[in-house]
Amino acid sequence: MRFELHCHSTCSDGTEPAAEVAARAAARGVAVFALTDHDTCAGSDVTVPGARVLRGVELSCDDGGRTVHVLAFDRGGAWHLLEDRLAAVREARRNRLRVMVARLARRGIAIDVESLLAAADRRSIGRPDLARAMVAAGAASSFSDAFSRHLYDGGPVDVPHQALPLPDALAVGRAAGAAMALAHPHLYDHRSALYLKRHRGDGLTGIEAFYGAYDPRERARWIALADELGATCTGGSDWHGPDASNAPPGVDLPDDRSAALLAWLSG
Ligand code: AMP
Ligand code: ZN
Ligand code: FE
Ligand code: FE
């Protein structure tokens with residue numbers, strides 16, 4: 001069965017609108033679909049012809065200074081609890097943007113922050129928005145020029161963003177009745193096992209073993225970990241658009257894994 005439980009639209013850092021992401025998934029025969037934009041569910045009202053659509057989100061969490069991404073899927077619980085918390089996170093990011101714009105102003109670069117914020121609406125706003133605005137204003141020659149001269153990590157303009165602490169994110173997700181999985185476990189390597197062991201009781205009961213870009217060997221590594229720890233395998237491409245490097249939408253799971261995943265998604 002073909003799943004797409006990890007993809008991005010222009011509601012976060014994808015390049016295609018949610019409806020286009022949904023159309024691509026439909027064209028590829030996806031049977032179960034969730035849009036998982038970073039820290040927002042703004043695109044969650046999409047429909048995919050022929051597919052079951054779940055509300056989803058990719059939560060940016062902090063674990064002692066490391067970023068951990070958790071996929072959360074609506075199981076028909078109090079999903080609004082998660083949305084409320086994400087709205088607060090977005091508000092913090094909006095204030096952070098105001099501070100960064102003030103820092104740019106001190107460097108002689110004028111950016112109209114209110115129009116940027118208005119355009120972002122329910123989208124999570126950040127440095128990429130600033131980089132694009134700087135290019136549009138002629139203050140940088142390119143997106144990467146804006147980053148390498150001004151916006152880079154820890155640079156004079158960058159303001160650290162306080163991501164949700166992992167235990168807090170899991171607690172909210174749990175209260176919301178969400179199904180939660182560790183995204184792209186290769187990024188955390190050996191820490192993935194640690195996260196799953198430590199936070200299983202907090203509701204982190206899934207692992208994205210069927211990540212679109214994995215070769216069979218990599219996939220086998222994470223399936224083995226899931227089986228060892230009694231976690232459920234999820235599948236998705238992490239698609240960000242046709243020009244990004246991720247696999248195309250849709251990942252096939254064998255029948256037994258598909259059944260387990262469907263049961264997990266149903267709670
Ligand atoms: P923010 O969440 O606002 O801190 O923005 C983080 C995003 O900025 C990342 O996901 C990247 O898309 C982008 N980014 C960070 N550093 C760089 C860089 N050096 N060059 C280009 N893009 C970057
Ligand atoms: Zn992304
Ligand atoms: Fe991610
Ligand atoms: Fe992602």
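User: How far apart do the C-alpha centres of domain 1 and domain 2 lie?

Analyst: In this predicted model, the C-alpha centres of the two domains lie 29 Å apart. Domain 1 takes in residues 2-84 together with 163-266, while domain 2 covers 90-151. The contact between them draws nine residues from domain 1 and four residues from domain 2.

User: How should I read the size of such an interface, and what area do domain 1 and domain 2 bury between them?

Analyst: The size of an interface is often expressed as the accessible area that is lost when the parts come together. Here domain 1 and domain 2 bury about 490 Å² between them, with 36% of that area on carbon and sulfur atoms.

User: Which residues form a salt bridge, and how many residue pairs are in polar contact between the domains?

Analyst: A salt bridge is read from the distance between a side-chain nitrogen of Lys or Arg and a carboxyl oxygen of Asp or Glu, with a cut-off of 4 Å. Glu83 and Arg122 form one, their closest N and O atoms being 3.3 Å apart, and the count between domain 1 and domain 2 is one salt bridge. Three residue pairs are in polar contact between the two domains; on the side of domain 1 that touches domain 2, the residues divide into three nonpolar, four polar and two charged.

User: At what angle do helix 2 and helix 6 pack?

Analyst: Helix 2 (residues 79-106) packs against helix 6 (residues 166-175) at about 145°, with the axes 7 Å apart. From helix 2, Leu81, Leu82 and Arg85 meet Asp168, Val172, Gly173 and Ala175 of helix 6, a contact whose residues divide into four nonpolar, one polar and two charged.

Terms used. Residues numbered from 1 in each chain as written. Chains lettered and ligands numbered in written order. Predicted model: local features only at pLDDT ≥ 70, side-chain atom pairs only at ≥ 80, totals over all residues. Heavy atoms only, no water. Domains from an automatic or database assignment. Contact = heavy atoms within 4.5 Å. Buried area = accessible area lost by both parts, 1.4 Å probe. Polar contact = N/O pair within 3.5 Å; in protein donor to acceptor, adjacent residues only side chain to side chain. Nonpolar A, V, L, I, M, F, W, Y, C, P; charged D, E, K, R; others polar. Axes fitted to C-alpha atoms, helices over the stretch in contact; angles between N-to-C directions. Helix = DSSP H or I, 4+ residues; strand = E, 2+ residues; numbered from the N terminus.
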